[in-house]
Each structure stands twice: as structure tokens, then as C-alpha cells.
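Please consult it alongside the grouped points.

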Amino acid sequence: MANTITQIIESAAAVAKGMSVTFKEMMSPTVTENYPDEPPKFEERYRGAHVLQRDENGMEKCVACFLCAAACPANCIYIEAAENTDLVRISGGERYAKVYNIDYNRCIFCGYCVEACPTDAITHGHGFELASYNTSTLVYRKEDMLAPIPPGARPPVIASSGTAANGH
Amino acid sequence: MAELVSLTIDGRTVQVPPGTLVIDAAKKIGVEVPAFCYYEGLSLQAACRMCLVEVEKMPKLMAGCTLPVAEGMVVRTETPTIAKARKSTLEFLLTNHPLDCPVCDKGGECELQDMVFRYGAGESRYTEIKHHVDEKQWSPVVYFDAPRCILCYRCVRICDEGMGVGALGVINRGVVSEIAPNKTDHLECDECGMCIDICPVGALTSGAYRYKTRPWEMQHVGTICTHCSNGCKTTLGVRNNEIMRGDNRDQSGVNGEFLCIKGRYAFDFYHHQERLQSPLVRKNGKLEPVSWKEALEAAAARLKAARDAGSKIGVIGSTRTSNEENFYLQKFARLGLGTNHIDHHRTGDVVTLLDALSGQKDALATTADLYEKPAIVVLGADLALEHPLLSFQIRANFRHHQARVYAVTEKPVREDKYAAAAIRCDAAGELAALETLREKLANEPELVIVFGDTVKGDAVRKLVAFGSSLGKPVKYVALVDYSNSRGAMDMGLVPELLPGYRPSGQTGMSAGEMVASGDLDMLYIVGANPLEGGQPLGGKPFVIVHEMFLTETAQAADIVFPASSAYEKNGTVTSVTGEVQQLKKAVQAMGTKPDLEILGLLVREMGLAAQIGPWTPDKVFQEIRETVPGYNMPLPVIATGGAVQTAPVNGRIEVDARPDLVRSSRDGLFTSGTLGRYSKVLNSVVEGRHHT
Amino acid sequence: MTKLYNEPSPLETRVLTKRFGLPNSASLDTYLATDGYVAIRKAIEMTQDDVINEVKASNLRGRGGAGFPTGMKWGFVPRSSPKPKYIVVNADESEPGTCKDRLLMEYDPHQLIEGMMIAGRAVDAKAGYIYIRGEYRYLIDIMDKAIAEAYQRGYLGKNLFGSDFSFDCYTHTGAGAYECGEESALLESLEGKRGVPRIRPPFPAVVGAWQCPTILNNVETFCAVPPIIRDGGAAFAALGVPKAGGTRLTCLSGHLNKPGVYELALGFPLDKMINEVGGGIPNGRKLKAFIPGGSSCPILTAAECEGLTMDYDSMANAKTMLGSGGVVVMDDTTDMVKVALRIMRFYAHESCGWCIPCREGTAWLRKILTRFVDGMGTKQDINLIGDLAHNMLGRTFCPLGDAAALPTISIVEKFRDEFEAYLARTTVSIPVQSDLPVLQPGM
């Protein structure tokens, strides 16, 4: 008999203990995110899809030094460089990236490219919705990654190569 | 030889000849003393102060690049004091250096970067304004960014001493000193780019390469330049099947540090927009692109029919295709097509020379001989323009070994400046003029005679007789024009001779006769442009051409096969001095095939494969080694990028090989036969000259 | 022409300057009337070794600045060499504070010519070149006139004085570069090339002008030779101190009542030189700093000047140099930071640009010092100035780098408090635009 009573008390205690946890959690703020109904929240240093930055004048920061490509352990960055001219001026340096591709099939988001960049041109953004049914869409081109021209910035001087500027 | 001096460098004893510099003595035992301005072979500068070393019993640090060794000297090259001195020198250097490494073309292979990485400070104490000068363009191929310059004067010295041009100097003084060209704002020089190559930093950059890629992004393919006959090794920097630049990265070729404008820049014809990328067949009087299958079938059918009908077939070979291709072509012509009308553009009388030298040993000079032998005779050629490497070698020989140089030429030449004797004569008078030098030449212990196309036939025999009469060892170089002119001759691309100068026992038409002939039924031309200048064919033969571009000859053809350039195939070529070197495939031009492959496919199509043999370069080269005298050279040397001189014959060549047909195109620095037309760089330099 | 720039002092020992002040002192007649061209006749009678030994006996040391024994230098010339030998006079007097050679050429050009001839006689040289500083344009006219006169009267040319000795003399002008006062740069310039120094050894005595053996000495050195041969080396030696004979033309400048060029015997007391020869410091102010021989020497403080005499060893003991004879006296109103800047401006402007430490170091120091004087210095700058100067010292291709480093080091070490006082100045709140010209190409 005594044994049965003990069992009841112990069960009740266990339920109370369990419920205490439940009630405590009910009071605390929720951590579950309602993605995709609500946008997810990120830590500041989250390493998402890359963003190619522009400077305050709207020029691309990337000078096509290839250091990101050299640092990349997955070998997923492909660059073709070209020289800025009076007619076509894309970046602040003498050279700019004519082609800048990142193959997100291979990227492991290690951030080495960001660390290698001498001009802070490539950064990790918070973009993460990269999934695709077609892997060929995972090669991002420069246009897919470039930051918008900051408001108020003078847009870079881009003339068509046919215009005769100053005789070059 | 004088007694050796022994000294201690970093605790290791080394013995070197007296007068050796400490920096060289250190190099001998594998100790690298860092330096910017010191460059082996150039005059001493002692300006960069990086090579400072500690020498016992000397009160201050000594410049290793100007300090001659002394018996019992104790040298230390790496001590905390030295490291501190180098650090401070680098700190000084970096004060006005722009530190734009991320955009600088030199970044990654910059000697200043290396040095700063090794000795330099992580942070700069320089907080003042940097001295800035805008970048200048000196020529289509040379740009100068003064702030990057560390004033090591290497460019000034290589241009003056190495090239004999002296196009560069220094203006201003102190911290605003600047390298400047002779014509204030532009260069009038060989445009060889040696100054760019030798620049330890990114101050001098190449107009053809700048801002295109970075050094570590390229694969480096060492191959042989396809332009002149000097056989310079050019290392092509290749990225994504595109040649980015040519240089002499490892300096392992016969040319050492040398390259001229053609070797460095004129690879660019390979992606000229007019490059043929598909076979063409004439349909209704017009050349139409067709598939390889269709073109090969058409060509094979025509050739087979012509051969079976006993028609007259002419074959003209190339002076730029590989030995394998030339060998295979003559085999195809003689065995497959049963014709002995086979020829090429002969540019130097090698045959008579070899015949005249019969019985003599070691009578053919190598490129190295021009640098080492105590006396050089230049006969009827402007080497500086036509054979830049040979000219460079002779200049270096004069500079380093005080060689006596004798120039016997029609017009003034660059060799005059330092020649022991410079004699002017008319085009046929070289030998008479040479006779006046007999006494001087007889006093030379050894001699190398370099002669151009005006000395041919009997004149060559007389020249050799003259050389023999001196009673001294004499070596010869018969100058030829293109990268494999010599190989074409060695491989028997002439009617009279089989490979290795064995008489063919048959007669045949020369190239000129084939073009002019009225009764030729078929003409098969590989990589040659006999119709250059627009003269028409004498008759109405069916013409098959292998070409890279739609040249005058290709335009007259019925079938055109798009051929690969020398940078797009493997094989071997033989230089003007008879040195055999390997071509290495650097890129693939879409739609083209190497001539050897085209011939092979045609042979297969014609059902002759068993008769003519396999057509891969290594198999054909093996056959050459087995059958052509003088070509049985050690494979490892060739395969590792070395050069071996061939001695194809040592005995009489029984037949007369038509020395009257020898005619050089006399290409200068900025032309290269038909090929030169398609090089943007060469054209831009020539155009630049016309404008100024 | 005969008017002197300054009154002579009774304390002088006038050997080289004995004709200064005579009427028409530059003329050949005056020269002949005062023992002129006596020494060369004597030298022609002597053997070559005797001439060199006489110079050795005089204890004459080079007057250009380095103080190398002249007789020894002449002895290095390989007389048996089949190459022609040359005499070159370094009249590229550019050391700040030095102005003696111009007087020797202006007042007594024939003494220089005779000195060259004796040197020519000693080493078998047939030709001499006088490389005159570009800014001394008027001296070229004087020298050319004197040379023409000598040719006309048979004192230059072939078979002189009935002997087989021949000598030709030419003037050559520099284009205004301090660097060309360095002997090998001078030779490059003389040959028509860019005035940058050569690698030494070989020294000019063996491989000099046009790759031939060359005697290259300062104007004053050559001018001392005729008196030595005429009166004997021992007499000349006796004028000076044991290891250095003769007199020095000392150029007194700075804060003095009677600045000027005075010929003083070697070993002359420094104190006496300032206070008696130079007439003391104006307005009774006190000595603060002292440059013994041109701006390249380490600067001495007043305390360090105590008991010094003007000779090589005494100066070496005080860790400075006798240099070129350009004495600069600075009183206690002098701003030593500005002195440092003034000196560095000179060297940055005159650096030839050949080697890295000097080219970049002088320019960097000039920028720091300019900033300092403009009131934008920092505490770290003081150490940096000293450190950079030390990094230049002994590491440059030619002595110009040392010449820039030595005074800078001495100023920073000895007058550090003045630099610190600059930092404490609050009056300069707005950076003053320096009126110093910025070094530009072509300047």
C-alpha cells in the first residue's frame, strides 16, 4: 500500500517537474523563426552569398587582382581582367574585372576570398536562398553579385567604345 | 689559369678565381645575396645597397656586388645587422613606391615584393606625401610607371650594353630622378621588351600583357619562337586556352635572357580574326567552308586520281613547320604521290657549306660559340635586324670576352660600333673585302664566320677555302630566314636531296618553276606563300593548301586546310645554327589541325597509312632519329627543352643543289614573312614609326 | 680686381695667399715678380721621385675635405703605365660654408697653373683640366685669361723652359651639381656623362679620367705645391702640426664680426680663431654650435669646442672633421631645427639619385623636418629623424649620404631639447605653409 502511495507521489512530482519546464519555456521569448513566412534573422557576420561592393562614387571596388581566386580552396572564382580606359572606367584602380563568376556549386563559404581581398571588394552578404533544380544557374555572374550604386553617387563614366573621347 | 682564392662565406669555404665578386662567389655555394641592381653580365651599379654583407676586419657593411674576393676573407651574408640594413633600405625604397600591388602586373613575381616579404617591415613609418608622376606610354609595347621604379638602372644597362641600342637614360636627379627614353617621350629602339623583362618591379610594363591576368594564373609553356631562324625559347603564359604573354621565364633556352619583339609579342597572330578555322573547298568558283571529312575526302580523291593518272604533282613545303611535318611531307610526296617536284623557299646556302666542309670536324658554330669564340666575322648580313639573337650573342661576347668582331657588309651595321674592323663592300664583293683582313684574321686563335645569302655556291667554297688557309680552327654559320628553314633542308624538301643530304638521284622542279609551270596538274602547298606579291600561277593546277590565313596562295587554292601554328603543336625545329629543339603545344586554335595530322588523315584517307607510316610527332621523330644522319640525338636532352646541334652530313654531297635559288627575304625586326602581317603588335610598332 | 673681400688678419700665416691684395695679383707679371714659376723650373731639374718625396715631406693633406696625404696619392700613379696621365683640379667648390678656392683662382690663378704643372711633372702628365663649378662662371674667364697669358709667354705648351717637359691646361665647367665635387662623379662629368660617382676602387690615381691614371686634387692642394717645391717640404711642414703641414684657408662665416677667408696655420686654436681672427660673436652673444669644415661635418656644441685646435687629429678626437675649411659659427639665437632643415634641404636637392638610401633618405628627412618646422612634428619624429640618418650612414654609394647623415645625427643628439621645444609650442596651431620651394623636375 505504502508502495502505491509512494508511486503516486513520485508520479505527481515528475509531472510537476516536467510541467514546470513547459511553463517556464512558455514564458520565455520564442527562438523559432517563421521562415519562409517571415524573413530569417542573421548574425552580423553570417557568411552568405557574396556581394561585390562599390565605393562611394559608385565605382566597383574590385580591381581584378585575382587574390580571391588564388585563396579559394574550392577554386570556384573565375575572373577575367581588363584595363580601365578613359572611355570605359569601371573600377577605381587601373584594372577591373570584366568577368567575375562564382560557382556556388563548389563554394564552401569559408570566407577566405573576403579575407584575401585587398580592396574590401568582395564580402559575404546574407543571401542564402541559393538552391536550384538546375546547377547551371548556380554560376553567379558579376551582375548577380554587384551592390547597387549608392544613392547620390556619380555613376561611373561608361561611354560606348565607338564614341571618340580624347583621341586614344 | 691563376690560382684560386679561398674565402669563407657563411662558414663555408669556397674557392674562386681572383677578381670574382663576393656575390658571385656566394652564388657558387648556393648562397643568394639579394640585390636589385646587380645583374649578371651587365656592368656593375652598386646602387641598390641590398647586397650589403659583413666582412671581418672591415669597419662597415660592404656591397657584395662590387667587392672582389680576397684570400682568407670571412664573409657573412645573413646577420641581424645585415637584416636591419636591408630592412632600412627597403623602407627607403617603399617611401615613394605606390604599393599598388593588387593592380600591378608584376605582383606575384616582383623582386621588391619578395624582398619586402623577406626583410621588410610590416608597417611603414612614412607618413609624408608620396612623389607621384603619371604613367607614360613610350611605344605600343612599352609603358612606364615612374613611381614604381626603384632606379636600379637595369633597363638602361640592358638597352645600352645588351642590345647596343642605348634608348634609355636618366633625367633629373635626387628623388625625382626618372628613367626616360632617348626621344624624350617615345622610344626609337628595337622594341625588344628586354627592359620590361629585366625590370625587377612593375615600372616597365608590356603593352600587350598589361592588366590582363596575374602571373600565378598562367601555365607556362616553353616552346620555340616561330618567327626567325635563331631558335629562341619563348615561354608562353597560357590561361584558358589563350596566350597571355611570351617571355623567357626560366632563361633555359639557347637565347638565355634574350628575346626580341617577335619572340616576346608576335605570338598574337594566332588569334587574329582572319585565322582560318574550317577547311575550305572551292565550289562554283568560291571557297566555301566545309567539314573536315568533306575536305579530306575531296583532297584524297583528287590526289589519288592524279597519282594514278601519272599526272604532274608539285609539292611546296614550309620553312616554319616542324621537322616531323617536313619529313612526313617529303615521304608523302615521294612515296605516296610518286613525285620528286618538291621544294621550299631556300634562304641560305647550307648545302654548299656542308659539302665544302666535308671531312672537317666541329666546323659548324653553335649559338654559344658566338658568345665564346675570340673572333667573329659577320659577312653580308645586318644581324641586329635580321638575326637579333646572334647579334646579341656577339655583343655579349665583345662585352665579356673582348672578342674581335669584323663586319664586312654592304650597309653600316650595329656591329660597326665595337668592331675591330668594319668594311663596306657591294653585295658580291664580300670575299674580296674579306681578303683585306687576312692578316688580322690569321692572327686570331679561333674564328667564327657568319654569312648571309649573298654568299652562295662557289662563293661559299671560296670562303671555306679562305678559312682553311688561315690554318686556325674556323666555324661557320650559314644564315637562313625562318624557324625551320634549316630543318626543311635537312629533311630533304628539295628535289635533289633526300633527308640527311643523300642524293635523290632524280630531278624535279623548284618552287619557282612549279608556280610558273604551265603543265602542272596539281600543286600541294604546306604553309608557304609562293604567290606572295600577287603573281599568278603559270598554269591551272588543282591547288591544295595548308594555311593559317587566307594568303594570296590560299586564295588561289581549291582546297584549303586550316593549319595549326607552331604554338599549337608538338614537334622539333632546327635553328640557323643547326640546333634541334622541341616545340610544345601551348594552345588549341578552334578548328585547326597540325600539318602533320592533316597529312596523316589524308594518307589514311588515301589508304597509304601502312606505306607512309604513323603520324604522331614522337613516332615520326623516332623515324627521323633512326634514318636521318645527325638526328640521332639524345632524347632526354630534347624532351627536357634542351638543344642539340645536328651534324647531318660529313662527306661530299654529290649533287648540285641549285645555290642560285637561295634568296633571303631579309625580314627586319618588325616583319616576319606572311606571318608578320597578322601580328597586331608588329603592325602597331610599324605604324607608330610612320606617324612620327 | 685687387680689392679683397675681407681685411687680412695679422694672425694669418700667408703662404698661399701672399699675393692677395697686390695690384693686378692675377696677372702673370705680378706672379713672376713674386717668385712665380720658380718652383716648376726647380721641379724640372729634380727627379720625379724627388718631387713626390718633397710633397710627402711637406705633410700636405688634401684640402678638399677628406684630408688624404697628397704625396701618397701622387705616389699611387703608375708612372710606367703606357696610358697618358692627367691632372684634374677639383674646383667644384660647393660645400656649404666654403668659399676659398674661388679666391685662390680669382687672385692668383697662376699659382694653381704652376701647381698643376708640378704635379704633371711628377707623374708624367701632359695635360691638366680645371673643373670649375658651374656657378663660378666669372672664374672661368679669369682662368682662361691666365692660361692664355701663360701660353703666350711660353709658360704652357711644348718643351717648357728649354726642357722636354710639355704641359697643356684646359678649363671645364660643371653644370651646377654638388655631387660633381666627388672625385669620380667629377670625372664622369668631365668626360661628358651624367655626374654620378663611379665604383671605387679603382681610384682615380690608377683609373681616372678616360680610364687613365689621374691626379685629382682640390684647388688649394695644388696651390700649396709651388711654395712646397720652392721653399722645401720641411719648411711647409713646419708651419703646421706634426701630422699635417702648412696652412689652411679657413672660411669664417655665420655669427661673427669679421667673417672672411683667412689663411691660418694648421693647429690654430679654435677659440682664438673665433674671437680674434673672426672678431668674436656680435652683440656679445654666446657660441651655441660650430661647424668646423662645411655642412657635412658633425656639428659641435660650444662645450665641445673647448680647447680644440684647427687640425685633423684634434677634430677627429672631437668626433668631427676638419673638412673643407668652411667654418660656420652659430650663436645662441640659432634655431637648430631650422639648421637641420636647411642642411637637409641642401642635400635632398643635391642628391644625385644614384643609390637608394641617399636618394630616398634625404628626401624623406627633408619632408619630416619641413613638417617639424611647420609645427606638425610628433614625438616619434625625433627618433625617426635620428634613426633614418643612422640608416643612411655608411650605406650609401658615395660620401654624400654620410655628409647628409652626420650633421643630422649630431643635431638630433646634441640639440634634442630644441626639437622637443618645437613640440611644446602651441602658437603654431594652424600649419604654416612652408615657403620652401618644392623639389621639381628641372630644378
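Why is helix 6 of chain C largely enclosed by the rest of the structure? The reason is that 15 of the 15 residues of helix 6 of chain C are buried, where buried means that 20 or more other C-beta atoms, placed from the backbone, lie within 10 Å of a residue's own. The model is a predicted one, in which local features need pLDDT of at least 70 and side-chain atom pairs count only at pLDDT 80 or more, whereas totals for chains, interfaces and linings use all residues. Residues are numbered from 1 along each chain as its sequence is written, and chains are lettered from A in the order in which they are written.

**Helix 6 of chain C**

- Helix 6 covers residues 109-123 of chain C; helices here are DSSP runs of H or I with at least four residues, strands are runs of E with at least two, and both are numbered from the N terminus.
- From its first C-alpha to its last, this helix of 15 residues reaches 22 Å, close to the 21 Å expected at 1.5 Å a residue, the expected span being 1.5 Å times one less than the number of residues.

- Chain C holds an open sheet of 4 strands in the order 3-2-1-4, with parallel pairing; two strands pair if DSSP finds at least two bridges between them.
- Strand 3 (168-173) and strand 4 (214-218) of chain C are the edge strands, each pairing on one side only.
- From one strand to the next, the twist averages 20 degrees, with axes fitted as lines to C-alpha atoms (for helices over the stretch in contact) and angles running from 0 to 180 degrees between N-to-C directions.
- Strand 2 (residues 127-132) of chain C runs parallel to strand 3 of chain C and is joined to it by 6 bridges.
- Within strand 3 of chain C, C:Y170 is the residue that stands opposite C:Y129.

**Helices across the sheet**

- Helix 8 (residues 183-190) of chain C lies across strand 1 (86-91), strand 2, strand 3 and strand 4 of chain C, at about 110 degrees to strand 1 of chain C.
- In helix 8 of chain C, 7 of its 8 residues are buried, among them C:L186, C:L187 and C:L190.
- Strand 1, strand 2, strand 3 and strand 4 of chain C are included in what covers these buried residues of helix 8 of chain C.
- Helix 9 (residues 219-231) of chain C lies across strand 1 and strand 4 of chain C, running at about 100 degrees to strand 4 of chain C.

**Domains of chain C**

- Domain 1 (28-239), domain 2 (247-331) and domain 3 (336-424) make up the assignment for chain C, with bounds from an automatic or database domain assignment.
- The centres of domain 1 and domain 3 of chain C, taken over C-alpha atoms, are separated by 35 Å.
- Their contact takes 9 residues from domain 1 of chain C and 8 residues from domain 3 of chain C; residues are in contact if their C-beta atoms, placed from the backbone, lie within 7 Å.

**Contacts between chains**

- Of the 2 pairs of chains in contact, chains B and C share the most contacts.
- In that pair, 27 residues of chain B are in contact with 25 residues of chain C, and helix 2 (residues 80-95) of chain B gives the largest share of the chain B side, 6 residues.
- The contact between chain B and chain A takes 10 residues from chain B and 13 residues from chain A.
- Chain A and chain C are joined by no contact, and their closest C-alpha atoms lie 25 Å apart.

Conventions:
Buried ≥ 20, exposed ≤ 12 C-beta atoms within 10 Å, placed from the backbone.
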